[in-house]
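Here is a short tour of one protein model, written for someone who likes to know the cut-offs behind each term. Have a look at the sequence and the coordinates, and then we can walk through them together.

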Amino acid sequence: MNKLNSSNEQLDLSGLITRMSESLTDIQWNVLERRLVDGDTLEVIGGQLGVASVRVNHILNKALEVLITVFQVEIECFSLKLEKLLTDTGGALTIAECLI
């Protein structure tokens with residue numbers, strides 16, 4: 001059994017997408033997906049939503065701000081868990097143990 005499992009402090013990021021989607025409004029998620037995944041222009045998205053492209057850009061920027069905050073929290077949690085693991089193991093972890 002590796003050190004991570006024995007300490008019950010797994011570094012689990014599997015719920016990241018869920019936390020991201022729960023942090024965004026439906027419209028933010030929709031705009032983000034259509035702009036960054038589908039490659040739609042601000043004008044196309046705005047036309048389909050019935051708003052100006054500048055409003056779509058505002059929604060997109062707000063969604064990105066929210067995601068930055070989510071990632072900052074995730075990084076802080078990961079950092080704290082990793083620090084605890086390093087302390088508990090005397091600073092001896094393998095790369096595989098860090099990535100679990």
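A residue counts as buried under 20% relative accessible area, as exposed over 50%, and as partly exposed in between, with a 1.4 Å probe and protein chains only. The model is a predicted one, where local features need pLDDT of at least 70 and side-chain atom pairs count only at pLDDT 80 or more, while totals for chains, interfaces and linings use all residues. Residues are numbered from 1 along each chain as its sequence is written, and side-chain values use heavy atoms, with hydrogens and water left out.

**Overall layout**

The secondary structure consists of 6 helices and 0 strands, taken as DSSP runs (H or I, at least four residues, for helices; E, at least two, for strands) numbered from the N terminus. Contacts are heavy atoms within 4.5 Å; of those between residues at least 6 apart in sequence, 61% join residues at least 24 apart. The protein exposes about 6600 Å², and carbon and sulfur atoms supply 58% of this area, computed by the Shrake-Rupley method with a 1.4 Å probe, where for residues only the protein chains shown count as cover.

**The nonpolar core**

In soluble globular proteins, nonpolar side chains tend to be buried together. A nonpolar core here is a set of buried Ala, Val, Leu, Ile, Met, Phe, Trp, Tyr and Cys residues joined through side-chain atoms within 4.5 Å. The largest one has 14 residues, and Met20, Leu24, Val31, Leu32, Val56, Leu60 and Leu67 have the most contacts inside it. Helices α2 (16-23), α3 (26-37), α4 and α5 each supply at least two residues of this core, with α5 giving the largest share, 7 residues. Not counting residues up to four places away in sequence, Leu32 touches Leu24, Val37, Leu60, Leu64 and Leu67.

Which residues of α4 are buried? They are Leu42, Ile45 and Gly46. Because they cover an arc of only 100 degrees around the axis, they sit on the same side of α4; the arc is that of the directions from the helix axis to the C-beta atoms. These buried residues pack against α3 and α5, whereas Glu43, Gly47 and Gln48 are exposed on the other side of α4. Just after α4, Gly50 adopts a positive phi of about 80 degrees.

Val51 belongs to the loop between α4 (42-49) and α5 (53-88). Together with Ile27 and Leu49, Val51 forms a nonpolar surface patch with about 190 Å² of accessible area. Patches are made of residues with over 30% relative accessible area and no salt bridge, with like charges joined within 9 Å and nonpolar side chains (Val, Leu, Ile, Met, Phe, Trp, Tyr) within 5 Å.

**Salt bridges**

A salt bridge needs a side-chain nitrogen of Lys or Arg within 4 Å of a carboxyl oxygen of Asp or Glu, and the count comes to 2.

| Pair | N to O distance |
|---|---|
| Arg19 and Glu74 | 2.5 Å |
| Arg34 and Asp40 | 3.3 Å |

Arg19 in helix α2 and Glu74 in helix α5 are 55 residues apart, linking distant parts of the chain. Arg19 is partly exposed at 31% relative accessibility, and Glu74 is buried at 13%. In the other pair, Arg34 is buried with a relative accessible area of 12%, while Asp40 is partly exposed at 22%.
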